[in-house]
Amino acid sequence: MILASGDERRERYLKNGNVLWRIRNTGGGPKGCIAGGVVFLIFSVFLAGMFVVLDLLAGALVFGVILAIPGILMVLIGMLLQGRRKRKYIAYYQKLTGFDADEVRRVDRELMEPEMVMFGNVPEINNVGASEKKPQIACMITRNYFVMPMLAGKCYVRRISDMILATWSEEIPGIGGCKRGLVFLSDRDDSAYMNAFLTVFTSGEIIDELEKRNPGLVTKQKFTYGGRDYDVVKDGGEIVRLYESKKGGEVDFKDLLTF
């Protein structure tokens, strides 16, 4: 679903700005470390309390300390790592995208523009608590950039002009069979990226918007070139190399392919 400018769900997500900073600081190892430390501390208090009730003060002290010390250390380490992640988020996106710091900040500015198109999504297998009132934010497409929040504070950010392919696939390898979802590829990728949370409807909306802004976008999973068959799910890296070899030619890359 498209969350247009003025939509309460969109405005809630954009309320405090600094979108890239917030995506980077969602979940991930540091917060997992803090959560693990808190669990240790809770167990230390619980066990110490049990020993106190049994009038075993020595046991309360020993078990309380044994669990409390690693808990405190994990919380402190997690907080230090999280603080570093917050401070270094620009450097993270520079490494991720190859952009300089000014362009990273430009992405953040474009994300706040009314023209930015935001896509909400409620997964078919909904284990993330998404709903129509509070959808998962699938991705955002600005004037020049494609931005997709991913798990554990990761984020896919690419120039729309650098996108090679986006397609719906029901042949994404998964445990016990195949998954289905959006598959996408840019000239900065070594292999295709896949998002199996997205529905076919949301994926179709995203593909249409990307193709509107980049008419040369390939929207099929499989194609043939030079007598060879390519499948983006399996051959993403080779497709990038083929694209780079044909880039800048008189004929658009898409027009060289047979579908």
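1. Helices, as named here, are DSSP runs of type H or I with at least four residues, numbered from the N terminus. The model is predicted. Just after helix H5, Gly 98 adopts a positive phi of about 85°.

2. Within H5, the buried residues include Tyr 89, Ile 90, Tyr 92, Tyr 93 and Thr 97. These residues lie on the same side of H5, because the arc they cover around the axis is only 155°.

3. The largest nonpolar core comprises 24 residues, and Leu 20, Tyr 93, Met 140 and Val 147 have the most contacts inside it. Elements contributing two or more residues to this core include helix H1 (8-14), helix H2 (19-24), helix H5 (89-97) and helix H6 (101-111), together with strands S3 (136-141), S4 (145-149) and S5 (155-159). A second, separate core of 18 residues has among its members Ala 138, Phe 146, Met 163 and Leu 210.

4. Leaving aside residues up to four places away in sequence, Leu 20 is in contact with Tyr 89, Tyr 93, Val 104, Val 107, Asp 108, Leu 111, Val 147 and Val 157.

5. An open sheet is formed by three strands in the order S6-S7-S8, with antiparallel pairing. Strand S6 (163-174) and strand S8 (193-195) are the edge strands, each pairing on one side only. On average, neighbouring strands of this sheet are turned by 35° against each other, direction ignored.

6. Strand S7 (residues 177-186) pairs with S8 over three bridges in the antiparallel sense. Leu 182 has Asn 195, in S8, as its bridge partner.

7. Helix H7 (residues 200-213) lies across S6 and S7 and runs at about 160° to S6. Helix H8 (residues 232-246) packs on the sheet, where it touches S6, S7 and S8, and its direction makes about 160° with that of S6.

Definitions and conventions: Residues are numbered from 1 along each chain as its sequence is written. This is a predicted model: local features need pLDDT of at least 70, side-chain atom pairs count only at pLDDT 80 or more; totals for chains, interfaces and linings use all residues. Side-chain values use heavy atoms; hydrogens and water are left out. A nonpolar core is a set of buried Ala, Val, Leu, Ile, Met, Phe, Trp, Tyr and Cys residues joined through side-chain atoms within 4.5 Å. Buried means under 20% relative accessible area, exposed over 50%, partly exposed in between (1.4 Å probe, protein chains only). Contact means heavy atoms within 4.5 Å. The arc is that of the directions from the helix axis to the C-beta atoms. Two strands pair if DSSP finds at least two bridges between them. Axes are lines fitted to C-alpha atoms, for helices over the stretch in contact, and angles run from 0 to 180 degrees between N-to-C directions.
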